[in-house]
Amino acid sequence: MTKLPTARLDRLLANLGYGSRKEVQSLVAAGLVSLDGAVLPRADERVAVTADLKDRMLVDGLPLDPPPPLALLMHKPLGVVCSHREPGRSVYDLLPRRGSRRDPAISTIGRLDKETSGLLLMTDDGGLLHRIISPKANIAKRYLVSLENPLRGDEGDIFASGNMLIEGETKPLLPATLYKIAPNHCWLTITEGRYHQVRRMFAATGNHVVALHRDRIGGLDLPENLEAGAFRYLTDVELGLVMAMDKIGGAPPVSSAGDV
(Lines give C-alpha, C1' and ligand atoms only; values in the text may rest on other atoms or scores of the structure.)
Protein backbone atom coordinates (compact mmCIF):
# COMPACT_ATOMS: atom_id res chain seq x y z
CA MET A 1 0.00 0.00 0.00
CA THR A 2 1.32 3.46 -0.96
CA LYS A 3 1.85 5.70 2.03
CA LEU A 4 -0.04 8.98 1.74
CA PRO A 5 2.04 12.17 2.03
CA THR A 6 1.35 14.14 5.18
CA ALA A 7 2.11 17.65 6.39
CA ARG A 8 1.85 19.62 9.60
CA LEU A 9 -1.37 21.63 9.48
CA ASP A 10 0.29 24.97 10.23
CA ARG A 11 3.00 24.44 7.61
CA LEU A 12 0.49 23.29 5.01
CA LEU A 13 -1.75 26.34 5.45
CA ALA A 14 1.20 28.74 5.60
CA ASN A 15 2.55 27.32 2.32
CA LEU A 16 -0.89 27.80 0.77
CA GLY A 17 -0.73 31.49 1.66
CA TYR A 18 -3.17 31.60 4.57
CA GLY A 19 -0.66 33.55 6.68
CA SER A 20 2.51 33.09 8.67
CA ARG A 21 2.84 30.01 10.83
CA LYS A 22 1.86 32.16 13.82
CA GLU A 23 -1.21 33.52 12.01
CA VAL A 24 -2.25 30.02 10.99
CA GLN A 25 -1.87 28.81 14.57
CA SER A 26 -4.27 31.57 15.61
CA LEU A 27 -6.78 30.40 12.98
CA VAL A 28 -6.61 26.87 14.33
CA ALA A 29 -6.87 28.03 17.96
CA ALA A 30 -10.01 29.97 17.04
CA GLY A 31 -11.62 26.76 15.72
CA LEU A 32 -11.72 28.04 12.14
CA VAL A 33 -10.13 24.98 10.50
CA SER A 34 -12.09 21.76 10.08
CA LEU A 35 -11.69 18.44 8.29
CA ASP A 36 -14.63 16.24 7.35
CA GLY A 37 -16.86 18.42 9.51
CA ALA A 38 -14.70 18.13 12.67
CA VAL A 39 -12.75 21.09 14.04
CA LEU A 40 -8.99 20.50 14.08
CA PRO A 41 -7.76 21.55 17.53
CA ARG A 42 -3.97 21.43 17.05
CA ALA A 43 -1.83 23.34 14.58
CA ASP A 44 0.95 20.75 14.81
CA GLU A 45 -1.35 17.91 13.80
CA ARG A 46 -0.31 16.04 10.66
CA VAL A 47 -2.90 15.65 7.92
CA ALA A 48 -2.84 13.48 4.81
CA VAL A 49 -2.38 15.68 1.73
CA THR A 50 -4.73 13.97 -0.70
CA ALA A 51 -6.24 15.16 -3.97
CA ASP A 52 -9.65 15.55 -2.31
CA LEU A 53 -8.37 17.56 0.67
CA LYS A 54 -9.73 20.77 -0.90
CA ASP A 55 -13.20 19.20 -0.77
CA ARG A 56 -12.88 18.01 2.83
CA MET A 57 -11.16 20.87 4.66
CA LEU A 58 -12.67 24.27 5.45
CA VAL A 59 -10.72 27.36 6.51
CA ASP A 60 -12.86 30.09 8.04
CA GLY A 61 -15.92 28.47 6.45
CA LEU A 62 -14.51 28.28 2.92
CA PRO A 63 -13.07 25.29 1.01
CA LEU A 64 -9.31 24.90 1.20
CA ASP A 65 -7.36 26.13 -1.80
CA PRO A 66 -5.94 23.16 -3.75
CA PRO A 67 -2.56 21.99 -2.45
CA PRO A 68 0.26 21.62 -4.99
CA PRO A 69 0.32 20.72 -7.77
CA LEU A 70 -2.20 23.38 -8.75
CA ALA A 71 -3.32 24.46 -12.23
CA LEU A 72 -5.89 27.11 -13.07
CA LEU A 73 -7.28 28.91 -16.06
CA MET A 74 -8.01 32.60 -16.12
CA HIS A 75 -9.93 34.81 -18.52
CA LYS A 76 -7.26 37.48 -18.77
CA PRO A 77 -8.78 40.92 -19.29
CA LEU A 78 -7.25 43.71 -21.33
CA GLY A 79 -4.93 46.11 -19.54
CA VAL A 80 -3.20 43.70 -17.16
CA VAL A 81 0.28 42.23 -17.53
CA CYS A 82 1.58 38.70 -16.93
CA SER A 83 4.79 39.61 -15.13
CA HIS A 84 5.75 40.78 -11.66
CA ARG A 85 8.44 42.94 -13.28
CA GLU A 86 6.23 45.01 -15.59
CA PRO A 87 4.57 48.15 -14.23
CA GLY A 88 0.83 48.23 -13.73
CA ARG A 89 -1.78 45.77 -12.55
CA SER A 90 -0.89 42.12 -13.12
CA VAL A 91 -2.82 38.85 -13.44
CA TYR A 92 -1.48 37.94 -9.99
CA ASP A 93 -3.50 40.81 -8.55
CA LEU A 94 -6.65 39.05 -9.80
CA LEU A 95 -5.97 36.03 -7.55
CA PRO A 96 -6.87 35.96 -3.85
CA ARG A 97 -4.20 37.71 -1.78
CA ARG A 98 -3.03 34.38 -0.40
CA GLY A 99 -2.36 33.22 -3.98
CA SER A 100 0.67 35.51 -4.14
CA ARG A 101 2.03 34.04 -0.89
CA ARG A 102 1.94 30.36 -1.88
CA ASP A 103 5.09 28.25 -1.76
CA PRO A 104 5.81 27.04 -4.38
CA ALA A 105 4.72 30.20 -6.17
CA ILE A 106 2.13 30.36 -8.94
CA SER A 107 3.44 31.32 -12.39
CA THR A 108 1.82 31.91 -15.75
CA ILE A 109 2.27 29.21 -18.40
CA GLY A 110 3.45 31.48 -21.17
CA ARG A 111 2.19 35.04 -21.40
CA LEU A 112 -0.34 37.27 -23.08
CA ASP A 113 0.67 40.88 -23.59
CA LYS A 114 -1.13 43.74 -21.91
CA GLU A 115 -3.42 44.37 -24.90
CA THR A 116 -4.34 40.69 -25.47
CA SER A 117 -7.25 39.04 -23.66
CA GLY A 118 -8.37 35.46 -23.26
CA LEU A 119 -7.32 32.06 -22.00
CA LEU A 120 -4.32 32.07 -19.68
CA LEU A 121 -3.04 29.05 -17.73
CA MET A 122 -1.22 29.29 -14.40
CA THR A 123 0.44 26.68 -12.18
CA ASP A 124 2.77 26.07 -9.25
CA ASP A 125 4.08 22.90 -10.95
CA GLY A 126 7.36 23.64 -12.73
CA GLY A 127 7.30 20.32 -14.54
CA LEU A 128 3.85 20.96 -15.98
CA LEU A 129 4.81 24.48 -16.99
CA HIS A 130 7.82 23.30 -18.98
CA ARG A 131 5.90 20.42 -20.59
CA ILE A 132 3.34 22.86 -21.98
CA ILE A 133 5.68 25.65 -23.13
CA SER A 134 8.40 23.35 -24.48
CA PRO A 135 8.85 23.77 -28.24
CA LYS A 136 8.73 19.98 -28.49
CA ALA A 137 5.18 19.99 -27.14
CA ASN A 138 3.97 21.84 -30.25
CA ILE A 139 0.68 22.72 -28.53
CA ALA A 140 -1.71 24.83 -30.59
CA LYS A 141 -2.98 28.24 -29.46
CA ARG A 142 -5.95 29.80 -31.25
CA TYR A 143 -6.56 33.56 -31.49
CA LEU A 144 -9.38 35.76 -32.73
CA VAL A 145 -7.64 38.56 -34.65
CA SER A 146 -9.11 41.94 -35.54
CA LEU A 147 -7.13 43.86 -38.16
CA GLU A 148 -6.81 47.49 -39.14
CA ASN A 149 -6.99 46.67 -42.86
CA PRO A 150 -8.85 43.96 -44.78
CA LEU A 151 -7.04 40.68 -45.41
CA ARG A 152 -5.29 40.60 -48.79
CA GLY A 153 -6.15 36.96 -49.40
CA ASP A 154 -2.68 35.40 -49.48
CA GLU A 155 -1.97 35.48 -45.73
CA GLY A 156 -3.26 31.94 -45.18
CA ASP A 157 -0.82 30.49 -47.71
CA ILE A 158 2.07 32.55 -46.35
CA PHE A 159 1.39 31.52 -42.74
CA ALA A 160 0.91 27.85 -43.68
CA SER A 161 4.10 27.63 -45.74
CA GLY A 162 6.54 27.01 -42.91
CA ASN A 163 8.91 29.43 -44.65
CA MET A 164 7.74 32.71 -43.17
CA LEU A 165 10.31 34.95 -41.51
CA ILE A 166 9.34 37.81 -39.22
CA GLU A 167 11.45 40.85 -38.37
CA GLY A 168 14.34 40.09 -36.06
CA GLU A 169 14.13 36.30 -36.59
CA THR A 170 16.41 34.05 -38.64
CA LYS A 171 14.43 30.85 -38.13
CA PRO A 172 11.22 30.41 -40.16
CA LEU A 173 7.94 30.10 -38.30
CA LEU A 174 6.23 26.75 -38.08
CA PRO A 175 3.09 26.44 -40.24
CA ALA A 176 0.05 28.27 -38.89
CA THR A 177 -3.62 28.03 -39.87
CA LEU A 178 -5.81 31.02 -40.75
CA TYR A 179 -9.61 30.98 -41.06
CA LYS A 180 -11.10 34.17 -42.53
CA ILE A 181 -14.43 35.11 -40.97
CA ALA A 182 -14.81 38.70 -42.21
CA PRO A 183 -12.68 41.15 -44.24
CA ASN A 184 -10.90 42.42 -41.12
CA HIS A 185 -11.30 39.41 -38.83
CA CYS A 186 -9.89 35.89 -38.72
CA TRP A 187 -8.96 33.00 -36.45
CA LEU A 188 -5.25 32.16 -36.35
CA THR A 189 -3.84 28.98 -34.83
CA ILE A 190 -0.11 28.80 -34.08
CA THR A 191 2.01 26.16 -32.36
CA GLU A 192 4.82 28.41 -31.17
CA GLY A 193 5.04 31.21 -28.66
CA ARG A 194 7.53 33.72 -29.97
CA TYR A 195 7.48 37.28 -28.65
CA HIS A 196 4.38 39.10 -29.97
CA GLN A 197 4.26 36.45 -32.68
CA VAL A 198 0.73 37.03 -34.02
CA ARG A 199 1.16 40.79 -34.17
CA ARG A 200 4.53 40.43 -35.94
CA MET A 201 3.13 37.93 -38.45
CA PHE A 202 0.48 40.37 -39.61
CA ALA A 203 2.94 43.28 -39.52
CA ALA A 204 5.08 41.28 -41.97
CA THR A 205 2.13 41.26 -44.38
CA GLY A 206 1.62 45.00 -44.05
CA ASN A 207 -1.28 44.90 -41.60
CA HIS A 208 -1.81 45.90 -37.99
CA VAL A 209 -3.56 43.92 -35.24
CA VAL A 210 -6.02 46.13 -33.39
CA ALA A 211 -7.47 43.46 -31.08
CA LEU A 212 -6.32 39.98 -30.08
CA HIS A 213 -8.10 37.34 -28.02
CA ARG A 214 -6.97 33.76 -27.28
CA ASP A 215 -9.80 31.28 -26.84
CA ARG A 216 -8.12 27.85 -26.97
CA ILE A 217 -4.93 26.05 -25.90
CA GLY A 218 -4.56 22.51 -27.19
CA GLY A 219 -8.05 21.08 -26.91
CA LEU A 220 -9.11 23.31 -23.99
CA ASP A 221 -11.53 26.16 -24.69
CA LEU A 222 -12.01 29.29 -22.63
CA PRO A 223 -15.37 28.71 -20.86
CA GLU A 224 -18.05 30.98 -22.28
CA ASN A 225 -19.42 31.70 -18.80
CA LEU A 226 -16.06 32.77 -17.32
CA GLU A 227 -16.03 36.56 -17.14
CA ALA A 228 -12.94 38.63 -17.85
CA GLY A 229 -10.78 38.74 -14.72
CA ALA A 230 -12.22 35.52 -13.28
CA PHE A 231 -10.44 32.19 -12.86
CA ARG A 232 -11.13 28.61 -11.83
CA TYR A 233 -9.09 25.54 -11.05
CA LEU A 234 -8.46 22.98 -13.78
CA THR A 235 -9.58 19.36 -13.52
CA ASP A 236 -7.35 16.47 -14.56
CA VAL A 237 -9.59 15.99 -17.60
CA GLU A 238 -9.09 19.60 -18.66
CA LEU A 239 -5.33 19.31 -18.21
CA GLY A 240 -5.48 16.31 -20.51
CA LEU A 241 -7.24 18.46 -23.10
CA VAL A 242 -4.38 20.98 -22.99
CA MET A 243 -1.96 18.22 -23.92
CA ALA A 244 -4.38 16.62 -26.42
CA MET A 245 -3.03 15.15 -29.62
CA ASP A 246 -5.38 17.42 -31.60
CA LYS A 247 -2.70 20.10 -31.67
CA ILE A 248 -4.15 22.17 -34.50
CA GLY A 249 -6.60 23.62 -32.01
CA GLY A 250 -9.79 22.59 -33.76
CA ALA A 251 -12.04 24.47 -36.16
CA PRO A 252 -13.17 27.95 -35.12
CA PRO A 253 -16.58 28.42 -33.50
CA VAL A 254 -19.46 28.34 -35.95
CA SER A 255 -20.88 31.55 -34.47
CA SER A 256 -17.62 33.49 -34.72
CA ALA A 257 -18.55 35.43 -37.88
CA GLY A 258 -21.58 36.85 -36.14
CA ASP A 259 -19.62 37.99 -33.11
CA VAL A 260 -17.36 40.51 -34.84
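Ser34 is in contact (heavy atoms within 4.5 Å) with Val39, Leu40, Arg56, Met57 and Leu58, leaving aside its neighbours within four places in sequence. Ser34 sits in strand β2, residues 33–35. Helices (H or I, at least four residues) and strands (E, at least two) are DSSP runs, numbered from the N terminus. Ser34 counts as buried, because its relative accessibility is 12%. Buried means under 20% relative accessible area, exposed over 50%, and partly exposed in between, with a 1.4 Å probe and protein chains only.

This is a predicted model: local features need pLDDT of at least 70, side-chain atom pairs count only at pLDDT 80 or more, and totals for chains, interfaces and linings use all residues. Residues are numbered from 1 along each chain as its sequence is written, and side-chain values use heavy atoms, with hydrogens and water left out.

**Nonpolar cores**

A nonpolar core is a set of buried Ala, Val, Leu, Ile, Met, Phe, Trp, Tyr and Cys residues joined through side-chain atoms within 4.5 Å. The largest one has 31 residues. Met122, Val145, Leu188, Met201 and Phe202 have the most contacts inside it. At least two residues of this core come from each of β7 (71–76), β9 (116–123), β10 (141–147), β12 (185–190), α6 and β13 (209–217). Another core lies apart from it, with 19 residues, among them Leu9, Val24, Val59 and Leu64.

Met122 has contacts beyond its neighbours within four places in sequence, including Leu70, Met74, Tyr92 and Ile109.

**Aromatic pairs and a charge over a ring**

How many aromatic pairs does a search of the whole structure find? There are 2. Rings of Phe, Tyr and Trp (its six-membered ring) pair if their centres lie within 6.5 Å; planes under 30 degrees apart count as stacked, over 60 as edge-to-face and the rest as tilted.

| Pair | Centre to centre | Angle between planes | Type |
|---|---|---|---|
| Phe159 and Phe202 | 5.1 Å | 90° | edge-to-face |
| Phe231 and Tyr233 | 5.8 Å | 80° | edge-to-face |

Phe159 lies in helix α5 (residues 155–160) and Phe202 in helix α6 (residues 197–204), so their pair ties together parts that are 43 residues apart in sequence. Phe159 and Phe202 are buried. Phe231 is partly exposed, at 23% relative accessible area. Tyr233 is partly exposed too, at 29%.

Arg142 lies over the face of Trp187, at 5.1 Å from the ring centre. A charge sits over a ring if NZ of Lys or CZ of Arg is within 6 Å of the ring centre and within 35 degrees of the ring normal.

**A loop residue**

Arg152 is in the loop between β10 and α5. Arg152 touches Ile158 and Thr205, not counting residues up to four places away in sequence. Arg152 and Pro183 are 31 residues apart in sequence, and their C-alpha atoms are 8.7 Å apart in space.

**Pocket and cavity**

On a 1 Å grid over the protein atoms alone, a cavity is a set of points where a 1.4 Å probe fits but cannot get out, and a pocket is an open set with protein on both sides within 12 Å along at least five of seven lines; lining residues have an atom within 4 Å of a point.

The largest pocket has a volume of about 1100 Å³. Its lining has 46 residues, and Gly110, Arg111, Leu112, Gly193 and Arg194 lie nearest its centre. The largest cavity has a volume of about 50 Å³. Phe231 and Tyr233 are among the residues that line this cavity.

Note on methods:
Grid points are joined across faces, edges and corners, and a volume is the space filled by probe spheres set on the points.
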